[in-house]
Amino acid sequence: MSTTFWFKALELILALGLLVMVHEFGHYFFSRIFGVWVEKFYLFFNPWFSIAKWKPKAKVDKDGTELKNSWRATTYGIGWVPLGGYCKIAGMIDESMDKEQMKQPAQPYEFRSKPAWQRLFIMVGGVLFNFLLAIVIYAGIVYTYGEMIINFTDVTEGMDFSTSAHKAGLVDGDIMLMADGNNLSSVNSEELQTVLTAKTLKVLRNHKDTVDIKLPSDFVFQMNKDAENGESPISIRIPVVVSQAQPNSGAEKAGLTKGDRILAVNNDTTPSFTELNPTLLKYKNQVVKLKYLREGKECVTDVKVDDNGKLGIQLTSPTDIYKVTIVQYGIFQSIPRGIKMGVDKLVNYVKSLKLLFSPQGAQSLGGFGTIGSIFPDSWNWLSFWEITAFLSIILAVMNILPIPALDGGHVLFLLYEMITRRKPSEKFLERAQIAGMVILLLLLLFANGNDIYRFFIK
């Protein structure tokens with residue numbers, strides 16, 4: 001396997017390790033607040049053996065009995081299967097299926113002995129901490145890096161779109177104005193996610209015509225397929241403005257210099273890099289007529305295209321072409337911004353989650369391979385933290401789904417108990433736990449099966 005595979009795998013393990021630790025610490029935190037015994041706290045799973053484990057010296061009462069409501073009563077460890085982790089809470093029916101313990105009389109330090117409201121806090125603790133982690137990361141990002149803002153209306157050349165977007169009615173160069181009647185502000189992942197899940201778009205076409213576009217209900221899935229096929233669903237349109245000509249290239253020999261904007265190759269107009277790249281591939285090892293704009297004046301020159309279909313130029317970055325605002329945040333300003341970014345990500349993800357319950361949504365499910373593939377090929381702290389924050393939100397949302405064996409399943413039964421004043425029987429909870437584990441195992445196999453099909457067969 002390539003080094004890229006192992007690099008992405010390492011990034012995935014580091015991110016999931018952090019997210020699982022924080023999630024399980026949420027359960028641990030509220031368990032300790034309410035005096036519940038946490039038997040084990042593990043990063044990764046440890047079937048048969050552990051890489052490392054530590055049991056602190058026990059705290060005992062006057063008669064020498066170990067106190068279970070102490071942090072010293074917990075065994076801490078690291079497993080060898082890097083797929084998650086767990087927090088084993090005494091007196092709780094969970095994935096450990098410890099039936100022997102449940103047959104014993106309930107103890108005051110056990111989960112089952114605590115009031116329903118305390119058990120509810122313990123169960124939502126993991127989800128809450130994952131969401132808080134995402135907010136902390138987003139706040140840290142804007143505090144450390146600031147926020148680069150390019151407004152949609154300032155992208156004067158508009159956007160480039162993938163094949164499915166073209167079929168939906170979008171045209172390269174459209175300037176996006178509104179999604180579902182709401183103004184679009186800056187070009188960022190939250191706003192682009194809003195576009196992907198919208199029902200209608202309003203765009204400015206040819207800098208004069210306002211066009212309303214009704215998007216198909218499965219638009220987000222069509223765009224995901226385009227991304228899997230190597231197309232960028234929506235991207236800023238990059239005018240072909242020369243940053244510099246490479247030494248001994250056709251561009252340098254033709255006299256192209258910084259600031260020249262390429263308009264056409266032979267008779268093919270190339271207003272952006274989207275058109276330039278495929279056009280040049282048609283003229284490999286040929287001399288072409290190149291029309292370009294220099295200081296407001298149109299010029300024409302002959303340029304040799306190399307055998308790779310390149311002129312030998314570096315493009316000027318969009319941030320040097322379009323109006324860019326860099327917003328710097330102090331420590332106190334970064335916190336509300338981090339909260340808003342976290343909430344926006346959460347809302348957009350929940351909105352898109354309903355689309356999973358469809359044939360297209362089921363096909364789009366991915367496992368560890370899909371998650372790992374979104375990490376960059378080389379180390380980049382900004383990308384790593386952005387992806388980790390988003391994965392933390394996904395983990396929070398998925399865990400709160402009302403499926404037995406997930407936190408949301410336990411929450412559902414606790415809410416039932418609090419409303420009806422009737423506690424579900426332990427036999428029912430055991431069967432629900434088994435059913436939930438079977439459902440999760442099937443989903444895990446299906447998602448990773450999709451990965452195998454997409455990456456190795458399709």
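Reader: Leaving aside neighbours within four places in sequence, which residues is proline 216 in contact with?
Author: This is a predicted model, in which local features need pLDDT of at least 70, side-chain atom pairs count only at pLDDT 80 or more, and totals for chains, interfaces and linings use all residues. Residues are numbered from 1 along each chain as its sequence is written, and side-chain values use heavy atoms, with hydrogens and water left out. Contact means heavy atoms within 4.5 Å. With neighbours within four places in sequence left aside, the contacts of proline 216 are Ala168 and Gln222.

Reader: Is proline 216 buried, partly exposed or exposed?
Author: Proline 216 sits in the loop between strand 10 and helix 6 (219-228); helices (H or I, at least four residues) and strands (E, at least two) are DSSP runs, numbered from the N terminus. Buried means under 20% relative accessible area, exposed over 50%, and partly exposed in between (1.4 Å probe, protein chains only). Proline 216 has 27% relative accessibility, so it counts as partly exposed.

Reader: What is the bridge partner of arginine 205 in strand 10?
Author: Strand 9 (residues 200-205) runs antiparallel to strand 10, and six bridges join the two. In strand 10, arginine 205 has as its bridge partner aspartate 209.

Reader: How many residues apart are arginine 119 and glutamate 417?
Author: The side chains of arginine 119 and glutamate 417 meet in a salt bridge (2.7 Å, N to O); the term means a side-chain nitrogen of Lys or Arg within 4 Å of a carboxyl oxygen of Asp or Glu. Arginine 119 lies in helix 3 (residues 116-145) and glutamate 417 in helix 14 (residues 407-420), so the pair links distant parts of the chain. Both arginine 119 and glutamate 417 are buried.

Reader: Which parts does the pair of aspartate 260 and arginine 294 tie together?
Author: The closest N and O atoms of this salt bridge are 2.7 Å apart. The tied parts are 34 residues apart in sequence, because aspartate 260 lies in the loop between helix 7 (250-253) and strand 13 (261-265), and arginine 294 in strand 15 (residues 287-294).

How values were computed:
Two strands pair if DSSP finds at least two bridges between them.
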